[in-house]
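Morning, everyone. Please put the model up on the screen, and then I'll walk you through it.

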Amino acid sequence: MYLSSILFAVVFFVAIGMFTRNIRRIIRNINLGRKTDRSDQKSKRWKHMTRVALGQSKMVVLPIAGLLHIIVYIGFIVINIELLEIVLDGFLGTHRVLSPYLGGTYDVLIATFEIFALLVILAVSVFWLRRNTMKIRRFWKPEMKRWPKKDADYILYIELVLMFLFLTMNASDYWLQQHPEGQSYYTQAGSFPVSSWITPFFDGMSYASVVSIERTAWWLHILGILAFLNYLYYSKHLHILLAFPNTFYANLNPLGRFSHSEAVANEVKLMMDPSADPYAPPTVESEPLHFGVSDVNDLNRVQLMNAYSCTECGRCSDVCPANQTGKKLSPRKIMMDTRDRLEQVGKQLNRGLEMDNNTLLDNYISREELWACTTCNACVEACPISIDPLSIIMDMRQYLVLEQSSAPTELNAMMTNIENNGAPWPFNQQDRLNWSKE
Amino acid sequence: MMDNTTNPVQTMAEMTQNGVSPEVLFWVGCAGSFDDRSKKITKAFVELLQRANVSFAVLGPEESCTGDPAKRAGNEFLFQMQASTNIEVLNGYQVKKIVTACPHCFNTLKNEYPQLGGQYEVLHHTQFLHQLIEEGRLNIESKTEYKGKKITFHDPCYLGRANKEYEAPRALIKKLSAELVEMKSCKEKGLCCGAGGAQMFKDAEKGDKEINIERTEQALDTNPEIIAAGCPFCNTMLHDGVTNKGKESKVAVLDIAQLLAQTESL
Ligand code: SF4
Ligand code: SF4
């Protein structure tokens, strides 16, 4: 027992250490972005997070996927209560250490975990079928090839395996509890409405082999969980953590209010008011070096957190008018590209390498994608965790227009018209009232 | 009875000169001022304002583009120039309340002018018309020509999702005793007509369909007699879509103001 406790402690702390390193990297990478002030409306933010992330209010817009997701989500939270006992047992070399303290409640808890484990197995199986055998458009878009597709399937496999290990562990435990040899160590504890169906499979095996099955399942289960914890960083599954801060810091303004640029406001003030002091210190700190966004460090921190939080569910692209009509633009891809680019930058930082010459613009997101957006906000409205792909598109358009003067020709003509005669078409401003005389 | 149709529309400048301050400023917008289809919406709305005896003014030659298409195209600079010029004019006349038939103007004036010093109460014309009816100032009870007719409403992105106004236009359609039929994607899920984000002024990127065709198909799927719009750009896009489908003689695309106004003036 002594040896296994030491082994457990080592494994546990290594896993937690790696996880902490991953979290630190994420925070460092997010902090590469510009500061943005979202410290306002605290109580509204708590409510929004509670409703959207905790309460999954946007998930149920699609009822089937929403219901399945809620099962997996509640199952995840509930079954993780058991994790506390597993970790304690691991450290102390005990077995079901909490059972004497909880009495009848313990039985209820274990039974609940088991029922949820079964529900999760069912839900995850349906998820897998939906993703792999049904032609649900959002799962088959070009950006979902290779790693994103594998990632989505791996998560489902891992969840299935973990649930089976959990049930096997309980089933063998239950068998051992009833075995005369096991009575002393395997205390009678727990109620096993699901795994008791597996127990008969062990009949006829020796006591020793069932003990080793129990131990193996116990170890694989906890090792699997610790491994999964460290897999998050590489996966869309990071949303199980980031959905919370992500919704908390969401944009709560009307969706039609696009971001305001104080830097431009200062320039405009100078142009409109000749008496203004051109050397006056800027009113906002961390002024951007240039207008708009060409790479991840021009984005703000909420936008970068958005990228790490994205679940790649594709609800945004599914409702995007451009994407629906076969244009290259996919708001999900905008988020995935942003994360990929940020990771690339992060990797170079980790290794102390010199930065490459790539940028988010052109090397990841093409101009064709950016100009296809109708700014309709459908993607923002649809996102179950309040991600705002449109803000990234708009910031990049701003870079294209203000820094590169490279808008499509027709748009340049439109803007010249506005500049010259105050309308997007070549009509004379003096004629604005002509309709009333026609 | 006063003959409304010859009643000239007054500008803010004229009203101020006469020492009158109107209840509301009607922001006509570029489409409403210059585009032939949209001018009909402008006229229909003016007719309703006059019928309800609302004291209103327009800016006329002092009005300039709100800057919406510039901002959506990424030209924050041009947008702020336009906004500052307009705000100077509006504040000069001490305008408090603005109504407009264009959701893009509505959104920009309402949400993006305050940061630049323009604080106004801004209403979309469907909201204002709904208020007028509720207050008993505008009476449309006598209008029976829409009774039982199937009308579907296309949510403009900048009225709906951008500003969460889904009900005012629908309430007006119901007031006409028409049968309101909803499209497959409506309200929060409403599909864009394809004109927003400055797309109106350029060709679409390569794809396998035009957005306005997709949306028109959704509208036609409801078998409507009328497709109601609340935005001059949506109106044009859907009209083009209906024409493209060869349905223009059977299905009319009309602004809600046009539905409420006298039919003979359309
Ligand atoms: S805002 Fe742009 S990216 Fe988002 S759904 Fe609309 S067109 Fe697509
Ligand atoms: S941005 Fe939101 S809706 Fe789009 S794929 Fe990511 S999580 Fe899903």
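Let me start with a term: a residue is near a molecule or strand if one of its heavy atoms lies within 4 Å of it. Before I use that, some ground rules. This is a predicted model, where local features need pLDDT of at least 70, side-chain atom pairs count only at pLDDT 80 or more, and totals for chains, interfaces and linings use all residues. Residues are numbered from 1 along each chain as its sequence is written, chains are lettered from A and ligands numbered from 1 in the order in which they are written, and side-chain values use heavy atoms, with hydrogens and water left out.

Now the ligands. Which residues are around ligand 2? Among them are Cys310(A), Cys313(A), Cys316(A) and Cys383(A). Helices here are DSSP runs of H or I, at least four residues, numbered from the N terminus. By class, the shell around ligand 2 has seven nonpolar, two polar and three charged residues. For the classes, Ala, Val, Leu, Ile, Met, Phe, Trp, Tyr, Cys and Pro count as nonpolar, Asp, Glu, Lys and Arg as charged, and the others, Gly among them, as polar.

Ligand 1 has 13 residues around it. Cys320(A), Cys373(A), Cys376(A), Asn377(A) and Cys379(A) come nearest. Helix H16 (378–382) and helix H17 (389–403) of chain A each give two or more residues to the shell. That shell holds 10 nonpolar residues, three polar and no charged ones.

Next, the two chains. In chain B, 70 residues are in contact with 59 residues of chain A; contact means heavy atoms within 4.5 Å. About 5500 Å² is buried between them, and carbon and sulfur atoms give 65% of that. Buried area is the accessible area (1.4 Å probe) that two parts lose on being put together, summed over both. Which residues of chain B lose the most area to chain A? Phe34(B), Phe77(B) and Phe201(B), together 13% of what that side buries.

There are three salt bridges between the chains. A salt bridge is a side-chain nitrogen of Lys or Arg within 4 Å of a carboxyl oxygen of Asp or Glu. In one, Glu438(A) meets Lys39(B), at 3.2 Å from N to O. Several helices of chain B supply at least two residues each to the side that touches chain A, including H2 (29–34), H3 (36–51) and H5 (76–92). H5(B) gives the most, with nine residues. That side of chain B divides into 27 nonpolar, 22 polar and 21 charged residues.

Last stop: inside chain B. An automatic or database assignment sets the domain bounds, giving domain 1 (12–132) and domain 2 (141–261). Their centres, taken over C-alpha atoms, are 22 Å apart. On each side, 28 residues are in contact with the other domain. The two domains bury about 2300 Å² between them, with 70% from carbon and sulfur atoms. On the domain 1 side, Arg37(B), Ile41(B) and His104(B) supply 25% of the area buried, more than any other three residues.
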